[in-house]
Amino acid sequence: MLTRRTSKLLQCASQNSFGFTLIELLVVIIITGVLAAIALPAFLSRVSSAKQAEAKTYIGTLNRAQQAYAIEHAQFANNPVTLGIDIRDSSNYKYEIKVGDSGKPYAIHYADSRTGKLRAYVGMTALIQSNGNPSMETVLCEAINPTGGRASDPIYSSSSVECSPGTQNLAKN
């Protein structure tokens, strides 16, 4: 008798273990959907951050290169090639340099966003007078809102350089 019971239990167990039930599959699909709904926005945010890192890096590089170039040549360069930098426009950003006139010794570096999903960046390297001593100051500004186009020029005075309204200062040396 004991062997019959054991064989019946084994027979019942083997009949029920052929696969997953519909409920089990449905629970797995729902859990996967919830996790995807949570992870997708975070992933897309990281993609934009990675694209914006390109512009921040290039503008920072241009600021530092302009400092070295201005100290060595007593003027600012008006293109990246003169600075010895190979910066090319990308599908995300268009880069440009604008040099101030003789009364305004500065160079502005633009990273114009080509899409409304990315923030624009602008940097400035300027010669300023602080307490009668000349010094080189840089600023890296980020547009507060992601919009296509160009960020506002930084505000230059003979004693300081600041980000304009609508932008935030990311680095100031």
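**Notes on the predicted model**

1. R88 has a relative accessible area of 60% and is therefore exposed. D86, with a relative accessible area of 54%, is exposed as well. The side chains of R88 and D86 form a salt bridge, with an N to O distance of 3.2 Å. Side chains of opposite charge can pair in this way when their charged atoms come close. Please bear in mind that the model is predicted.

2. The overall layout may be stated next. The protein chain contains 2 helices and 7 strands, and its elements follow the order α-α-β-β-β-β-β-β-β from the N terminus. Of its 173 residues, 31% count as buried.

3. How many salt bridges does the count give? The count comes to 7. One of them joins the side chains of R114 and D89, at 3.5 Å from N to O. This pair links distant parts of the chain, 25 residues apart: R114 is in the loop between β2 (106–113) and β3 (121–130), while D89 is in the loop between α2 and β1. R114 has a relative accessibility of 45% and so counts as partly exposed; D89, at 41%, likewise counts as partly exposed.

4. A further salt bridge is that of E96 with R150, whose closest N and O atoms are 2.6 Å apart. Because E96 lies in strand β1 and R150 in the loop between β4 and β5 (155–157), the pair ties together parts that are 54 residues apart in sequence. E96 is partly exposed, with a relative accessible area of 31%, and R150 is partly exposed at 39% relative accessibility. Both residues belong to a network of salt bridges that links K94, E96, D112 and R150.

5. Which side chain of opposite charge is nearest to E54? That side chain is R114, 8.4 Å away. The cut-off for a salt bridge is 4 Å between a side-chain nitrogen of Lys or Arg and a carboxyl oxygen of Asp or Glu. E54 is buried yet has no salt bridge.

6. A search of the whole structure finds 1 disulfide. It is formed by C141 and C163, with their sulfur atoms 2.1 Å apart. C141 lies in strand β4 (residues 133–143) and C163 in the loop between β6 (160–162) and β7 (167–172), so the pair ties together parts that are 22 residues apart in sequence. The angle about the S-S bond is -95 degrees, and the link of C141 and C163 is left-handed. Are these two cysteines buried or exposed? Both C141 and C163 are buried.

7. On the surface, I23, V27, I31 and L35 form a nonpolar patch, with about 390 Å² of accessible area together. L35 lies in helix α2, which covers residues 22–73. L35 counts as exposed because its relative accessibility is 53%, where the cut-off for exposed is over 50%.

8. The last point concerns a backbone angle. Most residues other than glycine have a negative phi. A74 is not a glycine, yet its phi is positive, near 60 degrees. A74 is located in the loop between α2 and β1 (93–99), and its relative accessibility of 73% is why A74 counts as exposed.

How values were computed:
Residues are numbered from 1 along each chain as its sequence is written. This is a predicted model: local features need pLDDT of at least 70, side-chain atom pairs count only at pLDDT 80 or more; totals for chains, interfaces and linings use all residues. Side-chain values use heavy atoms; hydrogens and water are left out. Patches are made of residues with over 30% relative accessible area and no salt bridge: like charges are joined within 9 Å, nonpolar side chains (Val, Leu, Ile, Met, Phe, Trp, Tyr) within 5 Å. Accessible areas come from the Shrake-Rupley method with a 1.4 Å probe; for residues, only the protein chains shown count as cover. Helices (H or I, at least four residues) and strands (E, at least two) are DSSP runs, numbered from the N terminus. Buried means under 20% relative accessible area, exposed over 50%, partly exposed in between (1.4 Å probe, protein chains only). A disulfide is a pair of cysteine sulfur atoms within 2.5 Å. Lys and Arg count as positive and Asp and Glu as negative; His and the chain ends are not counted.
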